[in-house]
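Here is a short briefing to read alongside the structure. Please have the viewer open and follow the topics in turn.

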Amino acid sequence: MIKIRINDHEFEVEPGLTVIQAADRCGIYIPRFCYLEKLSPLGGCRMCLISIQGIPKLQTACTTPAREGMAIITESEEIHKARKAMLEFQLIQHPLDCFYCDKAAECDLQDLTYQFGEIKHRHDFPKRKGTIIYENPLIQRTLERCVHCERCIRVCKEIQGAHALSATRRGRLTTIREVPGGGECEHCGHCIDVCPVGANLDRLFTYGGRPFQMEKGKTICPYCGCGCTLTMNTREGMLMRVRGGKEEGVNRGSLCARGRFGWGIVHHPGRLVRPLIKKQGKLLEVEWDEALLFTATRLQKIIKEKGGAAVGGLGSARASDEANYLFQRFMRRVIGSNHIDSSARLHYTAGLIGRLGVKAEVSEATLEDVRNASRILIIGADPVETNPILGLAIKKMLWKGGRAVLADPRSTRTGRIATRHIRIRPGTEVPLILGLGLEILKEPSLSGFTREEVMKNCGIFAPDMDEILSVLTGPAAQKSVVLMGRGVMQAPFGATAVSVLLRAAARAGASYLFTMDRNNERGSCEMGVLPDRLPGLAPLSDRGRFEKIWGDKIPAAPGLSAYDMLHAAKEGTLHALYIMGENPMVDFPDTKFVEDALNSLEFLVVQDLFMTRTASMADVVLPTASFAEKSGGFTNLEGRVQSFTPLIPSSVDVMPDSRIIVELSRKMGKGFPFKSLTEVREEIHSLVPVQGWKRKISGEDMDLPCPGAGVHWGPADDPEFPFLLLLTSSLYRNGSMSNLAPGLAMAQDKAGISLNPLDASELGITQGDKIILTSRNGEVHDEAGICDSVSKGTLQMPEGFANASPKGLLSHDLDPVTRAPMGRYVQVKIRKI
Amino acid sequence: MRGPNIARAAFSEETLKRVEAVISRYPTPQAAALPVLYLAQKEFGYINDEALSAVAFVLRISRAEVYGLATYYSMFSTSPMGRNVIHLCDNLACTLLGAESLRSCLERKLGIRMGETTSDGRFTLRNAECLGACGQAPVMLVNDDFYEALTESTIDKALEKYR
Amino acid sequence: METILLNRVHLENSRSISVYTANEGYDALKKALSMSPSGVIDEVKRANLRGRGGAGFPAAMKWGFAAADPKRPKYLLCNADEGEPGTCKDRQIMEGDPHELIEGMIIAGYAFGAEYGYIYLRAEYPRLEGILEQAISEAEGKGFLGKNICSSGFNFTIRVHRGAGAYICGEETALIESLEGKRGQSRIKPPFPVNVGAFGLPTVINNVETLANVPHIILKGGAWFAGIGPAKCPGTRIISLSGHVNRPGYYELPMGVTFREVIYEHGGGIRGGKELKAFIPGGASSPCLTPKHLSVNMDYESLAEAGSMLGSSALMVMDQDTCMVRVAERLMRFFVHESCGKCTPCREGTDWLLSILERIEAGEGKQEDIELLRDICDNIAGKTFCPLGEGALGPVRGTLKYFEEEYREHIRIKGCPMKI
């Protein structure tokens, strides 16, 4: 600690601070525009002028290091005059349009000017007219209000790594803006949060109200698995805007476009407000009582006639831990079926099985560990798009001098930031991992995956292998992280690959993490929304413990996974399906198959916010509350359980998922004993051991099948379908629901199909042409985009867009271990319209 | 541009070679920004969208940053320029010795105002803030050539050689 | 009077390495390489060589700081961004005797242990880029640059980096930013460039004229150099003389020469037999002086005492018919154009000053404008991020100090009373 004097009071502060930081810590406020703790200092606004004993000139507090024995004066006549002069300079060009500026009443320029009292308008020349730039669909940039503090430039560069803003021109003509035409902004909106004036504003909020009319609350983002804390402003029961908050949550005040601008689903006019029952082929609105009674009766009839095993249930990778817990308990206890699964099957189960298959201690990385890692190996993942805050953690780590090695066949945003992007052949993530496993673990079962074999399969060279291996070798590997995504999870033998890589990581002392597409993939699984696992991922053999508390028998045999249920439905052995908050018609591969399966059901119940394609096929549709209207907990990709409470009251007739399950159980004569969500939570705690801030999961050395040598990896040549479509993710979508968020649609409204310029010119396709892709399963059409970085012979298309989804093109070949549909690619042919 | 798409480095092969050579002279690619912007301006005539993307691509910085540079330094132009650029100094030393009347003379002869380009694209007239030849004031710079101790009668002759 | 820097510029083919070596060229380098690096620094310290860029900081001290920093590699940046209006001195050296600069750079690099040198060349000197590059490749050909120079084990390369038109890049940290491919804006100090400079590494920035003196000091000894001109700031100075004199141009004269001698002896007096009204002694940012200051010596201390500064020793002379409001306005327009826009007082204040000056000159001035000008100057003074904003006040403060009545007359008669 060092001793300093501020305004004749002695203080002790930690060394290495600037004067403004020291003063802040001592509770002494120095006015500022450009200074912000989390950004590098600029020293531009000159508001923080102070005087230091022994130095004749005033100094800026934000750039002067505080030193032992320094005597600082923060208020004096000279300082007051100087600061007032700076304000006068700032106000010369400011339009003084506070009446209709959204920033009014939370504007630093307004507040500081008020503090200094009247400032005479001695500048009697016309103001330079600034402009409002509307190029950004979500952020309004009013250049004439700008005080040139450059916080937005710095936050965009230093915190978000987007570099979308720059000061342009110079001197009095300096304006801060995006490149004309835009295109580089990632719409994180951080520039809105840090702007001290109304120069960067949230366009979704325009004229939404004054700050004192806002109520403030926090919640957890409902999109990806990062689990960011959102600071929400609400007004009269309506969400008004989202802000990052003060360095809060796992996101530390940063957000992505989805978190910032994706909340519009809550107030979407298409929200379901009443239960519906299909009568004469039409879904008609009914009262809750009728809907629940109808559902209960139909389910009871099927159970009575065909047994509980004739009913399946899809829990939700979006719903809360509590709702998922109640759902599986309902399925197992009230229905008497283990046929329980969710969309987590598609993206995460391979990782889960792979993890459970390793008994050894493998340390799991947190976002903070990623930020502090020295090296990261990313396989088959695009975290910058799928989990943007994890992407930011990787950027942070790179800025600190770390290395990121990416093995992925696609051209991705992660590829752009990675130290090294190794473009492996599509579909060869698994042999790559098994090859790594052989090098590190030297297990005979992996002997088919020699270096030569792997390099041939993956289409890579020795330096690439060395680069990848380097992450997991040497003492520095202690600070390495391996990150896997859907490229591994949805590959054949994905679970095997995960367990091999985890064991290799454990051997090296490295930690691991999975990308997660949905906000509660992990929570839903850990709550037992799996056909063969109970809450806490306990095996069915452990069911006695649960039966004791639940007071009912749990079926002993493992149930069916999602696609097996659909097969069973098609074959007529599964008669009813209860879907809580999933939309398989859009989010599951092989749409045609899913449709046939759902049509074969005798009875389909769907619980959802919207009339989705799946809901429109249901016999009963039960409207549920959105994340903003309910309580619960989500488990993020780190395993962190984060709870949230309602921000706004729910509209009249919707119920939270958990309450629907409870009410329905009561109607079926097997009510739950819970009086509140707290009691549900207590039961979960009593059954699921917790370690620190996450649930304790232990592996068990499973024998996962290992592929032999000579297997063909990746797609086989098919002259009829000469192109390979690789599925990608978009920053602006996360599942079908995100299409209904107006903010995200404004940021990007079309999926678009990217192709290599050489392929494009051979086919006579130019930018913006409409093209049709046809696979053995279906077809899709969208606009073409020409892109250098897409490999020749491949196409890329993001999932999640309503205008065109590649899901219909995919087949649903299931991996024998995970029973998940494989493939992040499909062979297609192209036709220009 | 959509998502991760990176525009092509649209330099000609010859320029690209020079770009690569110039980048190799610095410890970081970005340090080559000014020389690369000069090359881009030469190739594209001015710093247009294509030039921005190409420069951003080779320097591995964002287009916004390139735009920030191109508008900061007065030697770069983000609007089209004539085949020959006249920089007429009108700082103090030249003003004291008649730069004003040279300016009106040039404007009259070319039929354009300061900052404009002749309709045939032959000349762009720009003012310069001191060309560093104050001992020989007044001066102008046409492309890379200096003309010192200018008078109205010597201007004509000077401009003749530029087509 | 003996010159130091411009001895060779009048020789035929003065730029070529053969002429240079035939006239003692690169002898100093060979001598320096036989000395220890700290010996070279000591010699330059003995010479008391002060920076010719404008601030007058002792060169040997900068080298010493950088030499003491263990980080490697180190950079030597030659500031050839001669941008101060009225200045054309460095151009004479680079155009007429580029090897003098290059030899100076190699010796400086050797002295503090730099591996890389960059010459940051003013954009407005396009032809000089080729001249310097030619000279560099000649020096490389003779083994004076590159690996293992003259078998000494010392490696040094020089590259020319052409700026792109921004006056502020003459400020050393802005120059570094610009070299790194950024918008040339000054950096926060500390850290200082000698520790954290170009690319985060120890960096010395010296002016062309400063470096060009180095070979002479090494060859003839620091004591010899220290004996020329005033003891506090020995050596010569290349003075750029412009404006209303009969013989404008550049003159290498000993430090401390009087303005009278420069204007009347070397410059041949005022054109057309007119009277001297005022002169700007050291480039655009130095406040003007009047005939009563003709006996002031051209050195740092004397000029500071006279209320101005030596700056880049660019002497601009104005005759009796010159309008001083116009002069202030013209120079202010330059500073407004060159303000980088980063800090509030410079960005907004200089523009405001210009508006008022324009209004006065156009005959629309108000009585209170004089006070307002002074107050705005006070509000800018000492509060800007870098010296540019401070420098912008020079022309206003200088003209107001000596010619306030002329300002008032503009306001009174609603127009300019002068011919120019």
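Arg507(A) is found in helix 19 of chain A, which covers residues 494–508. The model is a predicted one, so please read every value below as computed from it.

- Is Arg507(A) buried or exposed? With a relative accessible area of 54%, Arg507(A) is exposed, because the cut-off for that class is over 50%.
- Once neighbours within four places in sequence are set aside, Arg507(A) is in contact with Ile440(A) and Leu441(A).
- Val250(A) lies 257 residues from Arg507(A) in sequence, and the C-alpha atoms of the two are 28 Å apart in space.

**Chain A as a whole**

- Chain A holds 28 helices and 38 strands.
- The C-alpha trace of chain A spans about 90 × 65 × 60 Å along its principal axes.
- A compact globule of 833 residues would have a radius of gyration near 28 Å, and the 29 Å of chain A agrees with that.
- Of those 833 residues, 64% count as buried.
- Taking the contacts in chain A between residues at least 6 apart in sequence, 72% join residues at least 24 apart.
- The accessible surface of chain A is about 29,800 Å², and carbon and sulfur atoms account for 53% of that surface.

**Where chains B and C meet**

- On the chain B side 39 residues take part, in contact with 57 residues of chain C.
- Between them, chain B and chain C bury about 3,900 Å², with 55% of that area on carbon and sulfur atoms.

**Helix 3 of chain B**

- Eight of the eleven residues of helix 3 (residues 49–59) of chain B are buried, so this helix is largely enclosed by the rest of the structure.
- The buried residues of the helix include Ala51(B), Leu52(B), Val55(B) and Leu59(B).
- Their cover includes helix 1 (13–23), helix 2 (33–44) and helix 4 (63–72) of chain B.
- After helix 3 of chain B comes Arg60(B), which has a positive phi, near 60°.

Definitions and conventions
Residues numbered from 1 in each chain as written. Chains lettered and ligands numbered in written order. Predicted model: local features only at pLDDT ≥ 70, side-chain atom pairs only at ≥ 80, totals over all residues. Heavy atoms only, no water. Helix = DSSP H or I, 4+ residues; strand = E, 2+ residues; numbered from the N terminus. Rg over C-alpha atoms; globule rule 2.2 N^0.38 Å. Buried < 20%, exposed > 50% of the residue type's maximum accessible area, 1.4 Å probe, protein only. Contact = heavy atoms within 4.5 Å. Areas by Shrake-Rupley, 256 points an atom, 1.4 Å probe, with all protein chains shown as cover. Buried area = accessible area lost by both parts, 1.4 Å probe.
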